[in-house]
Structures are given as structure tokens and as C-alpha cells.
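Take a walk through the model shown below. We begin at a pocket, then move on to the DNA.

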2 protein chains.
Amino acid sequence: MTTPLPNKPVRGSNSGIAIMAVFDLLGRKWNMRVMWELNTKALSFRELQAQCDGMSPSVLNARIKQLTEAKLVCRSQEGYKLTELGCSLMDTLNPLRNWAVEWEKKLRK
Amino acid sequence: MTTPLPNKPVRGSNSGIAIMAVFDLLGRKWNMRVMWELNTKALSFRELQAQCDGMSPSVLNARIKQLTEAKLVCRSQEGYKLTELGCSLMDTLNPLRNWAVEWEKKLRK
DNA sequence: AAAATCGCTACTTATTTAGTAGCATATCGT
DNA sequence: ACGATATGCTACTAAATAAGTAGCGATTTT
């Protein structure tokens, strides 16, 4: 157990950089949730808001903007929906669903 | 496109509840990152802080508390480390690593 | 043409995170 | 034994983010 404080990231392989960006994105309130709801079907702004427990429109707007810039969500005739890239993210995130129920079981114990 | 605003979650199957808790946990700054760093090896408080770009100790403390209550992290002789449950979460999250690099590629295009 | 609904912005307040200082305990070298 | 250094962590303030509410201009419905 050594290591003083003054240490910057210095992740050698640089392959670590990408995952950090993902953490920034997903580690933000609502982003996963919004995508999760859109994974079912395209939704209009207000539908999406309703699905997300009535989250405030200002924040929803900001999230949509961020997810759109990240090319995970886009707008279409039927409303907001996931892009291919967005779908692929939800696919890799899908196992979380099952993990979640196992986790909940063990927490109750 | 219908649906007025006043609508609460009402997720029928109740299996949706668990994933929402996961979103609350992971959708919070630093939680994924902290676990990611611990996935490599056990770390002391200050080591962990250094690995996480010098995140403020007050926040780190809060995160550790939350992750500990969630039984994903625990303390040991060697420092803080992931529990079995925590490891299993990182395992299911592992594919994110590869998704992240693909995502980055397509973003640059 | 009136009423309702839409996507969204503008604002204020509440909650969360960042940033810094420092205390109490433990370990180390002399 | 003594001071020097390191550790885990708390306290406090400032900055950033989210919640909450009102409402505008545009479209759609009646």
C-alpha cells in the first residue's frame, strides 16, 4: 500500500480511453433509463417523459441532445428511437437484466 | 403519439424493478469507474482515489459506502476489493469494453 | 375558430459533486 | 522515544447538475 496522491490517469494501452467515455455517458442520471425505454419502441418527447416517471423536460431535452450527439439516439417520424449503435449498446447491456434480479435476491438475504 | 403527462411507471412484470435499481446505482458518477479500478486489484483508499483521477475523498467515501451497502465492494486486509457479486457485475459489464472501441471508431467517422 | 396537444425553452430551487484543509491514528527511520 | 511521513476519513464551501413549474409558438382535433 504505497502511492502518494499526485498521480494522473496514465492508462498505458489507450484502449482504456474509450471505456472511460462510456462511463462518463452511462454514469449520468437518466441516460441508461432513456435508452432502455426507447429499446422497446420509438417514443415522442412527452411519451418518453412519461415513461421516465415524469422526469423534467429540461433534463430530458439535455439527455436527448447528448445521446443524439453520441449517435445512440435519433429522431424519426415515429418519434425518438435508438440508432443501430444504440441498439447494439442495449444488446451488450442486456445481460444486466438478469444480473439485476440475482443481485436483488442476494441483497434481501 | 398519444399519452398525456400524468403517468406513473406501472411496469407490470415487476422484473423491471430490479433493473431500475441498477440504473440508479450505475447511473451515478464514479460508481462504475471505482468498480472498474477495483476489478484489477484491491486498492487502499488513497490508491483508489489516485486511480480515479484524484476524485474528491468525500465523494469517494460516499461511493464506497453505497457500493458496500450494495454488497458489491468490501474491505479487506489488502484494501478495498470487489465482492463475488461485484465481480459478477463486472463480468456482465465486460463486453462494454469492446463495444466502447467500436463506438469510438464510428463516432470519429 | 376554440380547445387541446405537441416539442421545447426559461426560469428557480434542490440535490449532487468538486475541491481543499485538516484531524486522529498508524508506521517509519534515527 | 521522537519527529516525520502516510493513511483513512470528515468538515466545510463552491461549482455543477437535476428537479420542478410555467408557458410559448406550432400543429392537430373538435
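Helix H1 (15-26) of chain A and helix H2 (31-40) of chain B each supply at least two residues of the lining of the second largest pocket. Helices here are DSSP runs of H or I with at least four residues, strands are runs of E with at least two, and both are numbered from the N terminus. H1(A) gives the most to this lining, with 3 residues. Chain A brings Met20(A), Phe23(A), Asp24(A) and Gly27(A) to the second largest pocket, while Arg28(B), Lys29(B), Trp30(B), Met32(B) and Arg33(B) come from chain B. About 150 Å³ of space lies there.

This is a predicted model, in which local features need pLDDT of at least 70, side-chain atom pairs count only at pLDDT 80 or more, and totals for chains, interfaces and linings use all residues. Residues are numbered from 1 along each chain as its sequence is written, chains are lettered from A and ligands numbered from 1 in the order in which they are written, and side-chain values use heavy atoms, with hydrogens and water left out.

What is a pocket? On a 1 Å grid over the protein atoms alone, where a 1.4 Å probe fits, a pocket is an open set of points with protein on both sides within 12 Å along at least five of seven lines; lining residues have an atom within 4 Å of a point. Points are joined across faces, edges and corners, and the volume is the space filled by probe spheres set on them.

The largest pocket holds about 220 Å³ of space. Helix H2 (31-40) of chain A and helix H1 (16-26) of chain B each give two or more residues to its lining. Among the lining residues are Trp30(A), Met32(A), Phe23(B) and Asp24(B).

Now look at H2(B). This helix is mostly covered, with 8 of its 10 residues buried. Buried means under 20% relative accessible area (1.4 Å probe, protein chains only). Met32(B), Arg33(B) and Trp36(B) are among the buried residues.

In chain A, Cys52(A) sits in the loop between helix H3 (45-51) and H4. Cys52(A) is buried, with a relative accessible area of 0%. Leaving out residues up to four places away in sequence, Cys52(A) touches Trp30(A), Arg33(A), Val34(A) and Glu37(A). Such a contact means heavy atoms within 4.5 Å. Glu37(A) is 15 residues from Cys52(A) along the chain, and their C-alpha atoms are separated by 7.8 Å.

Next comes the DNA. A residue is near a strand if one of its heavy atoms lies within 4 Å of it. H4(A) gives the largest share of the surface near DNA strand D, 4 residues.

A polar side-chain atom of Trp30(A) lies 2.7 Å from a phosphate oxygen of DNA strand D.

DNA strand C is surrounded by 19 residues, the closest being Ser44(A), Arg46(A), Asn61(A), Tyr80(A) and Arg63(B). Here H4(B) supplies the largest share of the nearby surface, 4 residues. A polar side-chain atom of Arg46(A) lies 2.4 Å from a base nitrogen of DNA strand C. Trp30(B) has a polar side-chain atom 2.6 Å from a phosphate oxygen of DNA strand C.

How values were computed
Polar contact = N/O pair within 3.5 Å; in protein donor to acceptor, adjacent residues only side chain to side chain. Buried < 20%, exposed > 50% of the residue type's maximum accessible area, 1.4 Å probe, protein only.
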